Amino acid sequence: DLDLERGEDISLSLLEAIERSAVYIVIFSPNYADSPWCLDELVKILQCGERYGRRVIPVFYGGVDPSHVENQTGSYRKLPAVETVGRIRSWRTALTKSAAISGFSSQVTRYGLHNLSRFFHNPESNLIGLLL
């Protein structure tokens, strides 16, 4: 988010930016599920998408197949170790829900990315960032 002030708490600022976003593009790369931060963001994105009726667009990149995300196989098999089972359960639920949303495959081309622009009225003001 270009509006983030230097020295500002990025976790709170990023969660607020997710709240304000008009559209969510989540790029599922092979290493995405290694990051507790990315998984927490995914949970927040899906909550906001449902609460505000905003579009979530998954992009399955770098050989990641939607079935890997949905069934937590391949690089999505082992999620990071955390202190609570509830947090892991929320990640697994979010991954499963995300994979069920129609998105783009890892074969995204310039044409496919160009088609994403139809979801934005003004891309410069609505796109906060891509979560890798």
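Trainee: Which residues form the aromatic cluster?
Mentor: Phe28, Tyr32, Phe60 and Tyr76 form one cluster. Keep in mind that this is a predicted model.

Trainee: How many aromatic pairs does a search of the whole structure find?
Mentor: The search finds 3. In one of them, the ring centres of Phe28 and Phe60 are 5.4 Å apart and the planes are at 15°, so this pair is stacked.

Trainee: Where do Phe28 and Phe60 lie?
Mentor: Phe28 is in strand β1, residues 23-28, and Phe60 is in strand β2, residues 55-60. The pair therefore ties together parts that are 32 residues apart in sequence.

Trainee: Is Phe28 buried or exposed?
Mentor: Buried, because its relative accessibility is 0% and the cut-off for buried is under 20%. Phe60 is buried too, with a relative accessible area of 2%.

Trainee: What about Phe28 and Tyr76, how are their rings arranged?
Mentor: Their centres are 6.3 Å apart and their planes are at 65°, so that pair is edge-to-face. Tyr76 sits in the loop between α3 (66-71) and α4 (85-99), so its pairing with Phe28 in strand β1 ties together parts 48 residues apart in sequence. Both Phe28 and Tyr76 are buried.

Trainee: New topic. What is the phi of Gln72 near?
Mentor: Near 50°, a positive value in a residue other than glycine.

Trainee: Why point that out?
Mentor: Because most residues other than glycine have a negative phi.

Trainee: And where does Gln72 lie?
Mentor: In the loop between α3 and α4. Gln72 is buried, with a relative accessible area of 11%.

How values were computed
Residues numbered from 1 in each chain as written. Predicted model: local features only at pLDDT ≥ 70, side-chain atom pairs only at ≥ 80, totals over all residues. Heavy atoms only, no water. Phe/Tyr/Trp six-rings, centres within 6.5 Å; stacked < 30°, edge-to-face > 60°. Helix = DSSP H or I, 4+ residues; strand = E, 2+ residues; numbered from the N terminus. Buried < 20%, exposed > 50% of the residue type's maximum accessible area, 1.4 Å probe, protein only.
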